Amino acid sequence: MTDDYLSRIGNLIRDARKHRGWTQTQLAEVLNTSQSAVNRIEKGHQNLTLEMLARIGEALDSEIVSLGGGPVHLRVVGGRRLSGAIDVKSSKNAGVALLCASLLNKGRTTLRKVARIEEVNRLLEVLNSIGVKTTWLNDAGDLEIVPPTHLDLSAMDAEAARRTRSIIMFLGPLLHREDAFELPYAGGCDLGTRTVEPHLTALRPFGLEVKATGGQYHALVNRAIAPGKPIVLTERGDTVTENAIMAAARYDGVTVIRNASPNYMVQDLCFYLDLLGVKIDGIGTTTLTVHGKAEIDVDVDYAPSEDPIEAMSLLTAAIVTKSEITIRRAPVEFLEIELALLEEMGLDYDRSTEYLAENGRTRLVDLTTRPSKLHAPIDKVHPMPFPGLNIDNLPFFAVIAAIATGQTLIHDWVYENRAIYLTDLNKLGGRVKLLDPHRVMVEGPTHFSGAEIMCPPALRPAVVTLIAMLAAKGTSVLRSVYVINRGYEDLAARLNSLGAQIETFRDI
């Protein structure tokens, strides 16, 4: 490698490390090397093997170098108006939950129009490694899943498992198949410490005990224990609720789950289980009654509903670029609070009459935006469990507030450090003041200008940065965008279909 390449790679590694919040010493410990060696690498004074580059990339969950397909960086020519129409793709969070839930079924599961994203790819690698046969049936994203008679959990792809938070949702399905098993620690977005204790509290009534040591969850199941009273979730989390539902689905009895999340991915899971013969009362509410089945062996075909977070992403892109576009197949039930807030801020848009998604349950609309002059909302913007403003949609209001007139307080009370990444908008000319790890004050209106930025390691703030670049005057570069590919399928190409100018490229 030339000195120039070594210096550029060192800069990428340094930026990725800082975005992860690690010191050189912490990275050195993971790599089993010294702090001085990491220091030399970041200064471009150390030759690097491809093996070492791969290890560093895995440790930082960042594509430092890519020898295969897929973009590493995005170059964005901003200041362009968007136009045309675009369909919202199926839900990422529903897709990963349904992949986990397919382990409950001894029969064949066919899922329609599954988002081909990195989070799904990692889960498929895990499923394939333990003996599950998965086949993409066509270019539309239809996916067939056929489980084996016996899972080989000892062969699990640990590297793939650690790169997704969704692996935690294997606990509910596996406790009915195995008396003892191990799972690698969950990974995914860098959003601070998110304890697994609420999951364990929800699953203990089914006899599951988990000890976390040596980078593994060590699970033991006591078959003599069964739910004797309603399960009250200590956290109304989406994945916690899904884990509890999946555990109840194969329990031969009736389970009542209180303080359950009624969010979109939970509803999709319930609709799927209904096709498997598991009756669930109270779908869409915070109290679910699950009538479980000890054995499930059904060939089933299910189409997960559209993704409200992607719909919000596209809506935000239209708003900040002052564009008129039509966003088709938006799941309005999970966007109503967001749309009401945007109306208060002055958004001018049309909404079609409602129609049903392919699952026959979820309500959809088409949204057509028009260029609007926005003003700051009267109150702070903060998320709440459904039916409140979606936690994953909150970051988009930071970039929307940046082009509105006035001051907007954004309160991200759920995650420990996600709000910090919203200050990256300042590199593009924004005025975002960090008040504490959970709150930012956004001053508008902003006239964004191009800059080169390392992609935030959290999915939604990363997309917020990309959207701001669409509105920025001049050319911007967003580096190491693997995290965006975890949650969005071909986002750059799809924005380009609306008139954006985004180029994917690699340094080496």
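Which residues touch the most other members of the largest nonpolar core? In this predicted model, where local features need pLDDT of at least 70 and side-chain atom pairs count only at pLDDT 80 or more, totals for chains, interfaces and linings use all residues. Residues are numbered from 1 along each chain as its sequence is written, and side-chain values use heavy atoms, with hydrogens and water left out.

The answer is F170, L273 and I484, picked out of a core of 147 residues. A nonpolar core here is a set of buried Ala, Val, Leu, Ile, Met, Phe, Trp, Tyr and Cys residues joined through side-chain atoms within 4.5 Å. Buried stands for under 20% relative accessible area, exposed for over 50%, and partly exposed for anything in between (1.4 Å probe, protein chains only). At least three residues of this core come from each of domain 2 (73-89 + 306-507) and domain 3 (92-302). Apart from it sits another core, this one of 15 residues, including L27, L48, L53 and I56. As for F170, its contacts (heavy atoms within 4.5 Å) are C100, L103, L123, V126, L127, I130, M156 and L183, once residues up to four places away in sequence are set aside.

The chain also has a domain 1, covering 1-68; the domain bounds come from an automatic or database domain assignment. Taken over C-alpha atoms, the centres of domain 1 and domain 3 are 35 Å apart.

Next come the charged pairs. A salt bridge is counted when a side-chain nitrogen of Lys or Arg is within 4 Å of a carboxyl oxygen of Asp or Glu, and the count by this rule is 29. One of them joins the side chains of E358 and K113, at 2.8 Å from N to O. E358 is in the loop between strand 16 (355-356) and strand 17, while K113 is in the loop between strand 3 (109-111) and helix 6 (118-129), so the bridge ties together parts 245 residues apart in sequence. Helices (H or I, at least four residues) and strands (E, at least two) are DSSP runs, numbered from the N terminus. E358 is partly exposed at 49% relative accessible area, and K113 is partly exposed at 42%.

The bridge between E119 and R486 has its closest N and O atoms 2.9 Å apart. It links helix 6, where E119 lies, with R486 in helix 17 (residues 482-487), 367 residues apart. Both E119 and R486 are buried. E452 and R479 pair up as well, at 2.6 Å from N to O. Here E452 belongs to strand 21 and R479 to strand 22 (residues 475-479), 27 residues apart. E452 is exposed, with 51% relative accessible area, whereas R479 is buried at 14%. Elsewhere, salt bridges link R108, E144 and D299 in a network.

The bond from F386 to P387 is cis, with omega near 20°, and P387 lies in the loop between strand 17 and helix 14. That loop, between strand 17 (363-370) and helix 14 (396-402), also holds M384.

Q267 lies in helix 11 (residues 264-275) and is buried, with a relative accessible area of 8%. Its C-alpha atom is 9.5 Å from that of S305, 38 residues away along the chain.

The other cis bond runs from G444 to P445, with omega near 5°. P445 is in the loop between strand 20 and strand 21, and T446 is found in that loop, between strand 20 (439-444) and strand 21 (452-454). T446 is buried at 8% relative accessible area and touches A402, I403, G429, G430 and R431, not counting residues up to four places away in sequence.
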